[in-house]
Amino acid sequence: MNEDHIEQLSYNVSFAGGGIRALALVPVLSYFEDRRLAIKRVAGTSMGSIIATFHAAGFPAEVVKTLILEGEATVIEERLFDYPLLRYIISGRKSPDGLIDVEKFYTVFEEFLESIELTSLNQLIKPLAVPAVDMKTGQIVVFSNEPEAFVLPENGIFYPGEFNIVDMLVASCAIPTVVSSLPLGDFLLADGGVRLNQPVKLFAKEERVLKLALGIDYLKKIDRITSLMDSVQRSLDLLRYELEKDQAEYADIILKIPVEFDDLDMGKGAKVIERAIAYLEEVHLEDYLLAPGIIPLGFPI
């Protein structure tokens, strides 16, 4: 690797969704920080939106990791994803939109972000873009603190009204059928992964700026489906795989980390991060940061 050359470059980095598996993307921030590689803009979908937001707020990589794991612990403590179907039936809720009420989801996000004093877009120091999907129209709705720094996909719009960080993250993380959609303004918003799980196409082409798409290898083989949540997980993974087929048209470098856990395997976050660090060492990421292409898969984590 030509270190002088790489120091002259900067990167626009996108973080795909993937639930707890997306925590495998966090060590990439440490990798860039340790080598003083510049990240100019970030975009993120679903769990990737949380990672991207923490980076855009200026948190060091180690703090991002700590906050993500604290957030995971909060979700476990609140039992947010425990037996969602049973809890839905017992509650007698009339909404067919999701097993978990978005109001509860919103409250957990809001209280956590308030605890770390991150609530206002004014706290972001880098351009950030976060997609959600309007379930009424099918449009991609992009939240951004600097819309002029990004480009819209076909049939996409920037969210036209006022919003805060909680609105943005809950909208992008509201997994269809699992979490009910978020009513916001004239929209009914759900997980951006429905249409744009890998948001690298939100970056424009720039001279001496490479677009790095970070994601998960979703096409793993399974032996059987034994529950409703297994079926939801498999459907999401196949959808994500199809949605990301065209990412090579938009990304200069593609890194897909293989992870064997499921989106809602709460409590596995630290293990995902630990194994991702080993994976990055195995693939020698520095060998690819100057050469456009797809980084080969390594051992599943």
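Modeller: Strand E5, residues 140-144, pairs with strand E6, residues 156-158, in the parallel sense. Three bridges join E5 and E6. Ile140 has Gly156 of E6 as its bridge partner. Bear in mind that this is a predicted model.

E5 also pairs with strand E4, residues 128-134. Here the sense is antiparallel, over five bridges. Ala132 sits opposite Val141 of E5. E4 and E5 make up a hairpin, with five residues between the two strands. Gly138 lies in that turn and has a positive phi of about 85°.

Now burial. Five of the five residues in E5 are buried. In a regular strand, side chains alternate between the two faces of the sheet. Both faces of E5 are covered. Ile140, Val142 and Ser144 are buried on one side. Val141 and Phe143 are buried on the other.

Next, the packing. Nonpolar side chains tend to be buried together in soluble globular proteins. The largest nonpolar core here holds 81 residues. Phe143 is one of the four that touch the most other members, along with Phe15, Phe32 and Phe54. Helix H7, residues 165-173, gives the most to this core, with seven residues.

Note on methods
Residues are numbered from 1 along each chain as its sequence is written. This is a predicted model: local features need pLDDT of at least 70, side-chain atom pairs count only at pLDDT 80 or more; totals for chains, interfaces and linings use all residues. Side-chain values use heavy atoms; hydrogens and water are left out. A nonpolar core is a set of buried Ala, Val, Leu, Ile, Met, Phe, Trp, Tyr and Cys residues joined through side-chain atoms within 4.5 Å. Buried means under 20% relative accessible area, exposed over 50%, partly exposed in between (1.4 Å probe, protein chains only). Helices (H or I, at least four residues) and strands (E, at least two) are DSSP runs, numbered from the N terminus. Two strands pair if DSSP finds at least two bridges between them.
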